[in-house]
Amino acid sequence: MKHYVEIILRDIMDSSKEYQKFKIGVSEEYINDLEFDGKKLGYTGVPGAYAYEVMINLMKNNEISNGKTTDENILNFNSHKELIEAVEAGKADFGILPIENSIAGEVTDSIDLINKRNIHIVGEVRHKIEHNLLGIKGSKIEDIKRIYSHEQALMQCSDFLEKHSYWKKEKVANTALAAKYIKDTESKENGCIANMRAKEMYDLELLEKNINNEKENYTRFFIISNKNLISENSKKVSIITGTKNESGALMELLKIFSVYGLNMVSLKSRPKPNKPWEYYFYIDFEGNLKEEKVKKALEEIRIKSIYLQVLGNYKIYNSEI
């Protein structure tokens, strides 16, 4: 009997947590634009990673740093989890987090971690990805027996790798880590897939340029913070929501965007932990939280859902040099 009571109480608590998770424009701070000067910036990997490249280009192109951000203020982390925890705790003011690739799809652990942690999306970057086959100085493509790279990079270069099916593919946490590893091993049999910045930083040989399946290959990165910073000209909103597990519930919720003339640009489902066949829905749509139609739409979503969290209202930044 005690066992069944514990199950019922646990279910009630889980349900209560869901119903309490309604965050609409909580403690938002409207600003002219993001400011990186003197701030601690975090990314996953080592120098030469795509996230590192995004961070450097952001500061150059968007004039959100006047050169006051020093190397000591740029922090690297081993995983997305460590990065998000550092941002949540205030150890890093901003983080650069990959969220989706135009070829390989979403970075699922990023979406799940954003939902679980008290952080906010304060900007988005769309960065063109150009993967290259690299080896140590003096090596040739004929020497290669093993390829090291991030799982997503291996997927994005699958057509090229199929032509060399005898190569052993080794997954590592980051493309730049792969570049650093083959540099350290000094073996001509080891190659990696990484960007040109990693080639220069680790003094590697370019064996084949731009080997990704699609030449138009982009990754979306979020700029995250533990403060809900909203630029005055923010034009995109991200939310996570959930509906009752019944017929037509999701359809009724999605109709709200049409009623208020809001352009929904992304819809993804993510499984609820410990609840088989139940899902959260991650939605991006165009708008600003100051707009009356956005306020009304979110209020209706709140009424028709069992869970709603506004992850951020933000603008899209340029990261290309």
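Colleague: What should I keep in mind before we start?

Modeller: This is a predicted model, in which local features need pLDDT of at least 70, side-chain atom pairs count only at pLDDT 80 or more, and totals for chains, interfaces and linings use all residues. Residues are numbered from 1 along each chain as its sequence is written, and side-chain values use heavy atoms, with hydrogens and water left out.

Colleague: Happy with that! Why is Ser-139 called buried?

Modeller: Buried means under 20% relative accessible area, exposed over 50%, and partly exposed in between, with a 1.4 Å probe and protein chains only. Ser-139 has a relative accessible area of 5%, so it is buried. This serine sits in the loop between strand 8 (132-135) and strand 9 (146-150); strands are DSSP runs of E with at least two residues, helices are runs of H or I with at least four, and both are numbered from the N terminus.

Colleague: What does Ser-139 contact, leaving aside its neighbours within four places in sequence?

Modeller: Contact means heavy atoms within 4.5 Å, and on that basis Ser-139 is in contact with Lys-188, Glu-205 and Leu-207. Its side chain also reaches the backbone oxygen of Ile-136 at 2.7 Å.

Colleague: Which residues of the largest nonpolar core touch the most other members?

Modeller: A nonpolar core is a set of buried Ala, Val, Leu, Ile, Met, Phe, Trp, Tyr and Cys residues joined through side-chain atoms within 4.5 Å. The largest one has 36 residues, of which Leu-34, Phe-36, Leu-58, Phe-94, Ile-96, Cys-192 and Ile-223 touch the most other members. Several elements each supply at least two residues, including helix 2 (50-61) and strand 5 (94-101), and the largest share, eight residues, comes from helix 2.

Colleague: What makes the pair of Tyr-280 and Tyr-307 tilted?

Modeller: Rings of Phe, Tyr and Trp (its six-membered ring) pair if their centres lie within 6.5 Å; planes under 30 degrees apart count as stacked, over 60 as edge-to-face and the rest as tilted. Tyr-280 and Tyr-307 are 4.9 Å centre to centre with 40° between the planes, so the pair is tilted. Tyr-280 lies in strand 17 (residues 279-286) and Tyr-307 in strand 18 (residues 307-317), so the pair ties together parts that are 27 residues apart in sequence. Tyr-280 is buried, and Tyr-307 is too. The count by this rule comes to eight aromatic pairs, and ring pairs also link Phe-160, Tyr-166 and Trp-167 into a cluster.

Colleague: What makes Glu-186 and Asn-210 worth a look?

Modeller: Most residues other than glycine have a negative phi. Glu-186, not a glycine, has a positive phi of about 55°, and Asn-210, likewise not a glycine, has a positive phi of about 50°.

Colleague: Is Glu-186 buried or exposed?

Modeller: Glu-186 has a relative accessible area of 62%, which puts it over the cut-off for exposed. Asn-210, at 19% relative accessibility, counts as buried.

Notes: A polar contact is a pair of N or O atoms within 3.5 Å; within protein, one must be able to donate a hydrogen and the other to accept it, and residues adjacent in sequence count only if both atoms are side-chain atoms.
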